Amino acid sequence: MVNLVIVSHSAQLGEGVGALARQMLMGDGCKLAIAAGIDDPENPIGTDPIKVMEAIESVADTDHVLVMMDIGSALLSAETALELLDPAIAAKVRLCAAPLVEGTLAATVSAAAGADIERVIKDAMNALDAKYEQLGLPSSSPEKTAPAALSADADARSVAVVVKNPNGIHVRPASKLVSTLSVFNADMLLEKNGKCVVPDSLNQIALLQVRCNDTLRLIAKGEQADDALAAFQQLAAENFGETIEKPHADKLAHSTPSQVTGMAFCYTPFSPEIPCHATANMQEEQQQLKVAIRKTLDDLSFLTALAEEKYSADIAAIFSGHHTLLDDPELYDMACDLMREKQCSAGYAWQNVLNDLRQQYLQLDDPYLQARYIDIEDLLSRSLRHLTGEHAQIPTFVRPTILVADAIYPSTVLQLDPLTVKGICLRDGSETSHSAIIAREMGICCICQQGEALDAIQTGNTLTLDCVANRLFFVN
């Protein structure tokens, strides 16, 4: 058995990666421990060899302990911890060079499925393959897919299912699939459109890029092939462990009506353009950016808890994911580099860094991932508010209202009152965006891509939104 230790400069980042990884666990086949940040309220970013040593000791009741690290001194602290450990425990420990987030998720699934230490390390090291392929980049690992020989074997049997998960086989359902199939004594391949992978790792399944309504086939041969095929069919019938339509009898959530009518309110999200101007005190600008990021992370923790309380764990996971995305020291470092290079303000540098990240999402060819650009805009808007000291009050209403906007942020939607906000009508946007997903969970009709139809709308007009036809109508 392999247990994991997560070492990070940031306590929140370490806890966030741990929370994501624990969602991958389907049993007790892998323990996780976290050693992140240092106990200094003024300067909490760093790593502590003693914390790392204690974390390793807490999960040392196993064959091997794999240590996942972020950058720089995390590796030095882990190496120092090895010197401090009892030699018998230190002999069990392996340090892994894989990326912290993707590598930890892949390693967790692999370890929980019973893989040996070499396979766990291999899966962690190959964790970026799916991202490389999706972005059209050459993979860093020579073997990305499984040989398809089994698919031509006359003794092999197969079953095909149509995937109904709205977001396809993403991380959580993929981990469920790995866990379910790992117990069977059989040779297996997963196949989509002629492309085959061995279903024993998160990374391999991610390479298939299985979307909603794709046909996925399991091919199996061996002593327990029939059992594996039956389990696969059952898992697909259960939507790979996801609940597609989740009732919330005790929470404020409703099915979205086919049509809604209300008074139009023309809404503009907070999205300032920060000009480039010289700054006199670079250290002060960097500190202000650090404070703004920390306040934004606090906001996201509040939004995560609010979503969990009022709606569902799936909606809460959106804001937890935002927290993990923002709590990345590399983003801050990139902004600081730009500040030094251009001698510019923190706001201008931060705006450029997140706009570049937004553009990367917009250039993806997967519509679901492409729609994540609005999440980056949300993070930029919220952090710039903290940086500039400006306020953006979410309006409240006393009568049925239709919000009309070019775009709307996920965090804004979450804080709307569905008792009065009946619909959202967007000039742009996507029905697969997190804004639209949250609105539907709340029972708010959200229609997108209305374009020039919004030009004639003024606050106070009465509108009807047809949620099925994705159209708006003026009411005389």
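In what order do the four strands of the open sheet with antiparallel pairing run? Color that sheet and you can read off S5-S8-S6-S7. Before going further: this is a predicted model, where local features need pLDDT of at least 70, side-chain atom pairs count only at pLDDT 80 or more, and totals for chains, interfaces and linings use all residues. Residues are numbered from 1 along each chain as its sequence is written, and side-chain values use heavy atoms, with hydrogens and water left out.

Some ground rules: strands (E, at least two residues) and helices (H or I, at least four) are DSSP runs numbered from the N terminus, and two strands pair if DSSP finds at least two bridges between them.

Now select 157-162 (S5) and 195-197 (S7): these strands stand at the edges with a single partner each, so one side of each lacks a neighbour in the sheet. Twist here averages 25° from one strand to the next (axes are lines fitted to C-alpha atoms, for helices over the stretch in contact; angles run from 0 to 180 degrees between N-to-C directions).

Next, pick S6 (187-192) and S8 (215-221), an antiparallel pair with five bridges. Zoom in on Glu191, whose bridge partner in S8 is Arg217. Then show helix H10 (225-237), which lies across S5, S6 and S8 at about 0° to S5.

Hop over to the open sheet with parallel pairing, four strands ordered S2-S1-S3-S4. S2 (32-36) and S4 (93-96) are its edge strands. Select S1 (2-8) and S3 (64-69), parallel over six bridges, and find Val7 opposite Met69.

Technical notes:
Contact means heavy atoms within 4.5 Å.
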